[in-house]
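Colleague: I would like to learn how to read an interface and a helix pair in a model. Could you take me through them?

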Amino acid sequence: MDIPEVKRVSAVKRDHLARLAKEGKRPDGRGPDEYRPIKIERNVIKKAEGSARVKIGNTMVLAGIKLEVGEPYPDSPEEGAMSTSAELPPLASPEFEPGPPKPDAIELARVVDRGIRESKYIQLDKLCIEPGEKVWIVFIDLHILDYDGNLFDACSLAASAALQKAVIPNERYGFGDNEPLPVTSPPVSCTFVKYENFIVVDPNLDEEQIAQARFTVALDKNGDIRAMQKGLKGSFTIDEIKNNIKRAQIHAQKIRKLLEE
Amino acid sequence: MLIKDGIRMDGRKPDELRPIKIEAGVLYRADGSCYLEWGGNKIMAAVYGPREALPRHIQDPTKAIVNARYNMASFSVEERKRPGPDRRSTEISKVTSEALESVIFTELFPRTTIDVCIEVLDAEAGTRCAGITAAAVALADAGIPMRDLPVACAAGKIDGTIVLDLSSEEDKEGEADLPVAIAPRNEEILLLQMDGHLTYKEFEEALELAIKGCKEVVKLQRKALLNKYKTFEVE
């Protein structure tokens with residue numbers, strides 16, 4: 001897919017958003033530090049080892065977890081492995097096209113992957129079956145169903161929620177009973193965009209379309225930073241980045257509560 | 001043993017469908033959409049268009065192109081499926097496009113495409129029929145003019161008995177599978193595939209049963225569409 005480019009937004013809409021931004025207002029009436037309503041539903045896919053459907057406003061994504069037995073990486077013979085991919089099917093937006101994952105989908109999957117990997121959310125050291133020979137490989141597949149902005153946070157949240165209640169499919173492989181996937185505490189991701197020198201959390205599609213810069217930070221339960229990504233062609237000042245992280249720490253606490261419910 | 005004393009492994013009678021749930025207009029971005037659960041299948045379908053067909057050389061100056069894309073989520077099956085199209089999904093996309101095109105008034109929208117996206121999120125036998133059934137509701141929800149509401153259902157043969165709507169085990173262990181899509185008003189066949197082994201007489205019986213199943217399902221499709229518009233209260 002291509003995240004819709006600035007040129008595709010009408011001048012009228014861009015002017016409207018710019019005018020609102022000068023007054024500190026957003027097109028859907030939210031404050032700059034207000035998320036859209038978040039809804040998490042777990043175990044919605046029977047064939048998956050874990051799954052979650054997350055809605056942030058009109059954005060809807062589905063994360064599915066599958067486990068397979070495979071070979072460990074040579075540098076970590078006693079650890080399981082994980083792999084994250086994102087699919088942006090044409091179902092989710094008139095702008096998405098079929099075909100192999102494009103750079104935007106790959107960036108999305110890699111940013112979600114880093115948050116989970118660096119916070120050591122999945123206890124990969126407990127996923128060894130035979131050292132050097134057989135380990136569990138955890139596949140996190142993100143399926144976008146409705147795209148109205150902020151896929152980064154929706155996907156990260158869906159992945160965290162799906163992993164939280166995932167199982168190791170021992171029965172399918174004749175290893176005994178299924179058991180819960182060993183996880184610690186999940187990372188929480190928080191995304192901001194900047195347009196007209198206005199920085200807002202949880203951008204909707206209109207805001208993403210005119211955004212000059214994007215910033216995502218994944219925080220652990222102590223509010224420490226586990227992954228970051230600055231995207232798009234514009235820039236942030238050092239103070240803006242610092243401020244974004246502080247704002248994210250407050251949001252992450254609230255979102256974490258939703259995951260713990 | 002798939003059937004005993006006229007009762008199937010999942011407790012159904014030979015001519016009984018699995019439970020079906022259909023909801024129309026579930027996606028915000030799509031022009032029309034449908035979420036459908038059919039037994040263990042979960043399908044999301046979306047329709048975009050009619051919109052300009054691009055690149056321009058694919059345009060048909062006399063009519064719209066109907067372009068259905070059947071895609072399985074990697075986590076929808078027991079063993080993880082590699083994302084992206086394979087030979088099976090490419091074939092299903094083709095026959096689905098053709099089945100849907102035959103009921104759409106494509107001549108009203110020259111040089112456009114009508115894109116139909118079918119995402120299988122959870123799979124348990126009969127996904128192509130479920131996909132077509134969901135796509136039909138999404139097309140109607142998008143306001144695409146059609147001469148009928150297409151619908152699909154499979155019949156098959158297990159332990160020598162003709163049954164409706166095969167389950168996963170029945171599909172694997174059974175003797176034949178016959179997915180059928182029809183335009184229910186005049187019973188025109190829009191899609192027909194078959195694999196396995198049927199005598200001519202068994203085929204007649206299976207086709208009749210599949211059509212009977214289709215006519216059950218079309219009631220649920222209509223109900224889903226009516227439900228969407230019922231939610232508008234008139235003061």
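**Interface, fold and a helix pair**

Modeller: This is a predicted model. Start with the interface: 28 residues of chain A are in contact with 26 residues of chain B.

Colleague: Which elements give two or more residues to the side of chain A that touches chain B?

Modeller: They are β3 (59-70), β4 (81-87) and β6 (134-146) of chain A. By residue class, that side of chain A holds 14 nonpolar, six polar and eight charged residues.

Colleague: What radius of gyration does chain B have, and how is it read?

Modeller: The value is set against that of a compact globule, which for 235 residues would be near 18 Å; chain B has 18 Å, so the two agree. Its C-alpha trace spans about 55 × 50 × 40 Å along the principal axes. Of the 235 residues in chain B, 52% are buried.

Colleague: How many helices and strands does chain B have?

Modeller: Chain B contains four helices and twelve strands.

Colleague: At what angle do helix α1 and helix α2 of chain B pack?

Modeller: The angle between α1 (residues 87-101) and α2 (residues 127-141) of chain B is about 40 degrees, and their axes are 11 Å apart. α1(B) is therefore oblique to α2(B). The crossing is right-handed.

Colleague: Which residues meet there?

Modeller: From α1(B) come B:I92, B:T96, B:A99 and B:L100; from α2(B) come B:R128, B:G131, B:I132, B:A135 and B:L139. The residues of this contact divide into six nonpolar, two polar and one charged.

Definitions and conventions. Residues numbered from 1 in each chain as written. Chains lettered and ligands numbered in written order. Predicted model: local features only at pLDDT ≥ 70, side-chain atom pairs only at ≥ 80, totals over all residues. Rg over C-alpha atoms; globule rule 2.2 N^0.38 Å. Buried ≥ 20, exposed ≤ 12 C-beta atoms within 10 Å, placed from the backbone. Contact = placed C-beta atoms within 7 Å. Nonpolar A, V, L, I, M, F, W, Y, C, P; charged D, E, K, R; others polar. Axes fitted to C-alpha atoms, helices over the stretch in contact; angles between N-to-C directions. Parallel < 35°, antiparallel > 145°, perpendicular 65-115°, else oblique. Left-handed = near helix turned anticlockwise from the far one by under 90°.
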